Amino acid sequence: MPNGDDLAGRFDDLVGRLDYPMYVVTCADGDRWAGCLVGFAAQCSISPPRFMVWLSKANHTTEVAAAAPALGVHRLTRDHAGLARLFGSHSGSDVDKFARTPARPGPLGVPVIDACADWFVGEILSRHDTGDHIGFLLRPVAATAAGGPQLGFQDVRDLPPGNDP
């Protein structure tokens with residue numbers, strides 16, 4: 001049986017090869033807008049429709065999301081490398097990301113990024129502490145879908161993080 005360090009290294013190697021979709025997740029708490037690049041997200045129920053998004057505890061967006069009623073989930077295409085860089089390599093504590101990209105208030109007051117044609121807003125049903133991330137269980141309340149080749153983790157893996165992990 002391998003020791004824990006060997007297992008952790010092999011697990012890191014395995015998940016580092018995955019190419020899961022990348023999203024920009026946005027939220028508003030009434031006073032502040034926030035958003036960040038997210039790779040930990042997945043549909044978790046078909047009927048009823050549910051989606052789970054995990055936000056790093058170190059992230060400014062998580063602080064805003066703690067008081068938000070909903071999250072916006074924007075699917076990124078390969079044309080959105082600049083958005084991935086903006087929302088993934090800068091902290092909302094230091095940079096007003098929405099001053100650098102057009103967005104509008106959407107359903108439940110959630111910021112909707114104009115450049116993203118594929119997005120949904122989900123009401124936050126529950127929050128779950130899962131380690132260094134908080135999981136947000138969402139019930140979709142509005143959605144649009146247009147298509148395009150998705151931006152995956154392998155496309156952004158070398159971006160410097162906006163916050164220390």
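Here is a walk through the structure, from the overall fold to a few individual residues.

The model is a predicted one, in which local features need pLDDT of at least 70 and side-chain atom pairs count only at pLDDT 80 or more, while totals for chains, interfaces and linings use all residues. Residues are numbered from 1 along each chain as its sequence is written, and side-chain values use heavy atoms, with hydrogens and water left out.

Let's begin with the fold. The protein contains four helices and nine strands; here helices (H or I, at least four residues) and strands (E, at least two) are DSSP runs, numbered from the N terminus. The protein is as compact as a globular protein of its length, because its radius of gyration is 16 Å, close to the 15 Å that the globule rule gives for 165 residues. That radius is taken over C-alpha atoms, and the rule is 2.2 Å times the number of residues to the power 0.38. Along the principal axes, the C-alpha atoms fill a box of roughly 50 × 35 × 30 Å.

How is the chain packed? Of the 165 residues, 41% are buried, where buried means under 20% relative accessible area, exposed over 50%, and partly exposed in between (1.4 Å probe, protein chains only). Taking contacts between residues at least 6 apart in sequence, 66% join residues at least 24 apart; contact means heavy atoms within 4.5 Å.

Charge is next. There are 14 positive and 19 negative side chains, and the centres of the two sets lie 5 Å apart. Lys and Arg count as positive and Asp and Glu as negative, leaving out His and the chain ends; each charge is placed at NZ of Lys, CZ of Arg, CG of Asp or CD of Glu.

An unreviewed UniProt entry lists residues 15-160 as "domain: Flavin reductase like". UniProt positions are given in the numbering used here, feature names are shortened, and annotations may be inferred rather than shown by experiment. Over residues 15-160, the model is 14% helix and 40% strand, with the end C-alpha atoms 18 Å apart.

Now look at helix H3, residues 81-89, whose buried residues are Leu83, Ala84, Leu86, Phe87, Gly88 and Ser89. Their cover includes S1, strand S2 (33-38), strand S7 (111-113) and helix H4 (153-156).

Several loops also deserve a visit. Tyr20 sits in the loop between helix H1 (4-16) and strand S1 (23-28). Its relative accessibility is 22%, so Tyr20 counts as partly exposed. Not counting residues up to four places away in sequence, Tyr20 touches Val15, Gly39, Phe40, Gln150, Leu151, Gly152 and Phe153.

Ala68 belongs to the loop between helix H2 (60-65) and strand S5 (70-75), and is buried because its relative accessible area is 5%. Although 41 residues separate Ala68 from Cys27 along the chain, their C-alpha atoms are 6.4 Å apart. With neighbours within four places in sequence set aside, Ala68 is in contact with Cys27, Ala28, Asp29, Ile124 and Arg127.

Pro149 is placed in the loop between strand S9 (133-144) and H4. Its C-alpha lies 8.5 Å from that of Asp79, 70 residues away in sequence. Leaving aside neighbours within four places in sequence, Pro149 has contacts with Arg75, Leu76, Thr77 and Arg78.

Finally, consider the backbone. Most residues other than glycine have a negative phi, and most peptide bonds are trans. The peptide bond from Ser47 to Pro48, however, is cis, with omega near 5 degrees. Pro48 lies in the loop between strand S3 (41-45) and strand S4 (50-56), and Ser47 is found in the loop between S3 and S4. Ser47 is exposed because its relative accessibility is 69%. Leu108, in the loop between strand S6 (103-105) and S7, has a phi near 60 degrees, a positive value in a residue other than glycine.
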